[in-house]
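Keep the account brief and give the cut-offs behind each term.

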Amino acid sequence: MTMPTTSSSHTRRPRRNPVLVTATPDMAAVVDTLTQAFGPDPILNWAFPPTVAHRERLMAAFFRITTELLLEHGGQVGVAPEYAAVAVWSPPGEPALGEREQARYFRRLAEACGECGERAVALMRALDDQHPPGLPAHYHVMFAAARPEPAAVGRAVLLIRALLKLEDLRGFGLYAEASSQQNRDLWLEMGLRRVGNEIVLPAGGPSLYPVWREPDPPAV
C-alpha cells in the first residue's frame with residue numbers, strides 16, 4: 001500500500017494535469033479537505049455519529065493519523081489546486097505493518113478519536129480483514145475526496161484521472177473502497193470494476209464497495 005519507485009522527497013506534476021503528487025503535502029490542508037468532504041459520508045457517519053461532540057476534531061485526528069502512517073510507509077498524496085480535492089494512496093505491499101506497529105496505530109486511533117475510537121479502529125480492521133484475496137500487486141487509494149463545493153467535484157474527477165495515468169502505476173493494479181453506491185458508480189465510470197464482496201461494517205453498519213482496475217502492461 002505505498003509507492004515503491006518514488007523517494008519520499010520527490011514531488012512532480014503529471015503531464016498536462018494541474019495536479020501535484022507529493023509525499024510531503026501540507027498536512028493541515030489535506031486533513032481539512034478530507035474532514036469537510038467526508039462530513040456527510042455514510043461510513044464516517046457510522047464511525048463518527050453527527051451527534052458526537054467535537055466531531056470534526058475527532059474526524060481530523062482519524063485522517064491525520066492514518067495519512068501520516070501511509071506517508072511513513074511510502075504513500076503519497078495527490079492534490080488539486082488549493083487542496084480542493086485530495087487523494088491518499090499506498091504502493092504495492094504497503095503499509096507492511098508488524099503486529100507491534102499495527103497495535104500502536106490502533107491504539108493511537110482509539111485514544112485520539114475519543115468516544116468514536118472503537119468504531120474508528122473497527123473500520124480500519126474491516127478494511128484489512130475483508131480485503132479481496134488473490135489480487136495482483138496493486139496501489140491502494142485509501143482516501144479520495146473533494147471539498148463540498150460545486151467546483152471542487154470536477155477537480156476530484158480530474159485528480160483521479162490524473163492518478164490513473166501516472167507512469168508509476170504501469171504494471172500494477174489499482175484498488176479502492178467506495179464509501180457509497182454513488183461513489184462506486186463514479187469509479188466504475190472511470191474504468192474500474194467491482195471486485196470481491198461488499199465490506200460490511202459491524203454492529204449493523206453500512207457497506208463499502210471494493211473496486212479494481214487491472215494492471216496496465218509495463219512500458220517497453
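The chain holds seven helices and nine strands. Both are DSSP runs numbered from the N terminus: helices are H or I with at least four residues, strands are E with at least two. The model is predicted: local features need pLDDT of at least 70, side-chain atom pairs count only at pLDDT 80 or more, and totals for chains, interfaces and linings use all residues. Residues are numbered from 1 along each chain as its sequence is written, and side-chain values use heavy atoms, without hydrogens or water.

**Overall figures**

Of the 220 residues in the chain, 52% are buried. Buried means under 20% relative accessible area; exposed means over 50%, and partly exposed lies in between (1.4 Å probe, protein chains only). The chain exposes about 10,600 Å², and carbon and sulfur atoms supply 51% of that area. Accessible areas come from the Shrake-Rupley method with a 1.4 Å probe; for residues, only the protein chains shown count as cover. Contact means heavy atoms within 4.5 Å. Take the contacts between residues at least 6 apart in sequence: 72% of them join residues at least 24 apart.

**Helix pairs**

Axes are lines fitted to C-alpha atoms, for helices over the stretch in contact, and angles run from 0 to 180 degrees between N-to-C directions.

| Pair | Axes | Angle |
|---|---|---|
| α3 (residues 55–72) and α4 (residues 99–112) | within 9 Å | roughly 160° |
| α4 and α5 (residues 117–129) | 7 Å apart | about 145° |
| α1 (residues 27–37) and α3 | within 9 Å | roughly 125° |

Start with α3 and α4. Their axes cross at roughly 160°, which makes α3 roughly antiparallel to α4. Angles under 35 degrees count as roughly parallel, over 145 as roughly antiparallel, 65 to 115 as roughly perpendicular and the rest as oblique. The crossing of α3 and α4 is right-handed. A crossing is right-handed if the near helix is turned clockwise from the far one by less than a right angle, and left-handed if anticlockwise. On α3, the contact uses Leu 58, Ala 61, Phe 62, Arg 64, Ile 65, Thr 66, Glu 68 and Leu 69; on α4, it uses Glu 101, Tyr 105, Arg 108, Leu 109 and Ala 112. By class, the contact of α3 with α4 has eight nonpolar, one polar and four charged residues. Ala, Val, Leu, Ile, Met, Phe, Trp, Tyr, Cys and Pro count as nonpolar, Asp, Glu, Lys and Arg as charged, and the others, Gly among them, as polar.

Next, α4 and α5. Residues of α4, including Tyr 105, Phe 106 and Leu 109, meet residues of α5, including Val 121 and Met 124. The contact of α4 with α5 has seven nonpolar, two polar and two charged residues.

Last, α1 and α3. An angle of roughly 125° makes α1 oblique to α3. The crossing of α1 and α3 is right-handed. Among the residues in contact are Leu 34 and Thr 35 of α1 and Met 59 and Phe 63 of α3. This contact of α1 with α3 divides into seven nonpolar, two polar and three charged residues.

**Two residues of α3**

Which residues does Thr 66 contact, beyond its neighbours within four places in sequence? They are Tyr 105, Leu 109, Met 124, Met 142 and Phe 143. Thr 66 lies in α3 and is buried, at 1% relative accessible area.

Met 59 is also placed in α3. Met 59 counts as buried because its relative accessibility is 1%. With neighbours within four places set aside, Met 59 contacts Thr 35, Phe 38, Gly 39, Leu 44 and Phe 48.
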